Amino acid sequence: MILGVDLVGIEQLLSANHIAILPKGTRLDRSTHGPFPLTSGANLWVSRPAFLTYLHLKDVLATIRGLRSVGAGVVDMIRAADQKILFETPKQRRAMAAAGHRQVNGVDLVKMPRMGGLVEVPIELVASEYRSHVHDYLRPLLNSGRYDAMVELGAGPGDLIVTIARESRDTTIKFIGTEISIPACGCMLELAIAAGTPLLEIRRLDLSCPDLSFLSAFRRPLLLTSGVLCVLQPSPASLFDEILSKLPRFDLVALEPVSFEIAERDSRVRPLITREQYLSQALIPGLWPFLEDWVRCHGMIVERVIPDFSGKRPIHPMSLIHVAK
Ligand SMILES: C[S@@+](CC[C@H](N)C(=O)[O-])C[C@H]1O[C@@H](n2cnc3c(N)ncnc32)[C@H](O)[C@@H]1O
């Protein structure tokens with residue numbers, strides 16, 4: 001039985017793309033940490049269904065059940081998800097319509113970014129599509145023989161790194177998931193065990209003042225962020241200084257929703273997210289100018305920049321930025 005919780009955010013739970021696995025007697029409490037904190041001893045996991053269904057099909061998980069029997073606060077949310085009411089305010093509904101939302105034969109379709117273009121997908125698949133696009137990009141890199149480690153910074157519940165670590169079980173690449181939230185670290189650990197990747201290392205790490213000494217053991221690690229640099233307070237400056245001081249060679253693949261900032265420096269880019277949308281989600285501006293200047297000042301190479309590479313949801317598209325030293 002898999003236990004735990006994904007505390008990454010209400011937005012992801014509302015994406016109607018999650019499955020919880022609930023051992024008997026599970027209780028939720030909102031008191032301590034994030035929107036869905038656990039009482040001590042409580043045991044619930046919420047994670048991406050594509051990954052959990054995959055584990056289920058592989059007989060790693062015995063049970064997959066919906067969340068709606070859990071408790072009052074969650075019932076409402078899941079009911080909303082059942083009805084596919086993802087964007088409840090008039091402003092959100094307008095944004096949804098602007099993003100190309102329509103119904104075909106009762107199926108809600110949205111346009112989501114994919115490799116810089118837009119594709120129409122059932123709304124339930126938006127989050128899992130994002131994960132699979134990231135894996136499609138990482139897979140050839142990890143198979144290239146260039147890297148001896150992959151380290152995800154701010155891995156949340158860990159499904160991205162656990163999935164890719166599972167695929168790469170036959171390689172010698174070391175996988176490390178780092179995260180500040182203890183419940184998310186617990187979630188990652190249980191996912192790693194369930195997925196048969198117990199050697200994936202999990203580290204609790206505060207990226208606002210990190211000690212990355214553990215990275216010195218590697219010749220050339222591949223660092224990954226997904227929706228993390230855009231929430232780092234006050235900025236990722238100390239993280240980037242630490243990376244440079246510890247690693248003579250590394251690659252960084254950053255997935256962050258900054259296409260509007262890329263467009264501000266490159267008039268050819270037509271961004272799918274505006275500065276206003278970005279700021280309305282309390283994200284920290286200035287990431288791309290900082291990153292671009294950092295790369296230039298330290299003689300690094302920009303391997304790929306794909307504005308609006310993919311999105312967790314239609315109004316929150318991620319750009320892919322791959323730099324190397
Ligand atoms: C939007 S979530 C993204 C999680 C995961 N990368 C994903 O794609 O699902 C942002 C993550 O950054 C983590 N985070 C925020 N501030 C952090 C910090 N100072 N140090 C480490 N992680 C942090 C949060 O705990 C959360 O897991």
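Modeller: Two residues are in contact if their C-beta atoms, placed from the backbone, lie within 7 Å. On that basis, and leaving aside neighbours within four places in sequence, Ile176 is in contact with Ala149, Val151, Glu201 and Arg203. Ile176 belongs to strand β7, which covers residues 174–179. A residue is buried if 20 or more other C-beta atoms lie within 10 Å of its own. Ile176 therefore counts as buried, because 22 other C-beta atoms lie within 10 Å. Met150 stands 26 residues from Ile176 along the chain, yet their C-alpha atoms are separated by 6.3 Å.

The model is a predicted one, and its confidence should be kept in mind. The average pLDDT of the protein chain is 72, with 60% of the residues scoring at least 70. In residues 1–56 the pLDDT is below 50, although this stretch has 139 contacts in the model beyond near neighbours in sequence. Residues 60–89 also have a pLDDT below 50, and that stretch has 55 such contacts.

Strand β6, residues 149–153, pairs with β9 in the parallel sense over five bridges. Within that pairing, Glu152 stands opposite Leu224 of β9. Strand β10, residues 251–256, also runs parallel to β9 and is joined to it by five bridges; here Thr225 stands opposite Ala254. β9 itself is mostly covered, with six of its six residues buried. Pro221, Leu223 and Thr225 point one way from β9, while Leu222, Leu224 and Ser226 point the other way.

Helix α6 is likewise enclosed. It spans residues 159–167, and eight of its nine residues are buried, so the helix is largely enclosed by the rest of the structure. The buried residues of α6 include Leu160, Ile161, Val162 and Ile164, together with Asp159 and Arg166.

In soluble globular proteins, nonpolar side chains tend to be buried together. The largest nonpolar core of this model has 56 residues, and Met150, Ile161, Leu200, Leu223, Val253, Leu255 and Leu320 have the most contacts inside it. The largest share of this core, five residues, comes from α6. Leu320 touches Val253 and Leu255, and also Tyr137, Arg304, Ile306 and Phe309, when residues up to four places away in sequence are not counted.

Strand β11, residues 301–311, contains Asp308. The phi of Asp308 is near 50°, a positive value in a residue other than glycine. Asp308 counts as buried because it has 27 C-beta neighbours inside 10 Å. A cis peptide bond, with omega about -10°, joins Gln233 and Pro234.

The ligand has 19 residues around it, of which Gly154, Gly156, Ile180, Leu207 and Ser226 come nearest. Ser226 is also one of the buried residues of β9. The shell around the ligand divides into 10 nonpolar, seven polar and two charged residues.

Finally, for the chain as a whole, there are 11 helices and 12 strands. Buried residues account for 44% of its 325 residues. Of the contacts between residues at least 6 apart in sequence, 72% join residues at least 24 apart.

Definitions and conventions:
Residues are numbered from 1 along each chain as its sequence is written. This is a predicted model: local features need pLDDT of at least 70, side-chain atom pairs count only at pLDDT 80 or more; totals for chains, interfaces and linings use all residues. A residue is near a molecule or strand if its C-beta atom, placed from the backbone, lies within 6 Å of it. Ala, Val, Leu, Ile, Met, Phe, Trp, Tyr, Cys and Pro count as nonpolar, Asp, Glu, Lys and Arg as charged, and the others, Gly among them, as polar. Helices (H or I, at least four residues) and strands (E, at least two) are DSSP runs, numbered from the N terminus. A residue is buried if 20 or more other C-beta atoms lie within 10 Å of its own, exposed if 12 or fewer, and partly exposed in between; C-beta atoms are placed from the backbone. pLDDT is the predictor's confidence in each residue, from 0 to 100. A nonpolar core is a set of buried Ala, Val, Leu, Ile, Met, Phe, Trp, Tyr and Cys residues joined through C-beta atoms within 7 Å. Two strands pair if DSSP finds at least two bridges between them.
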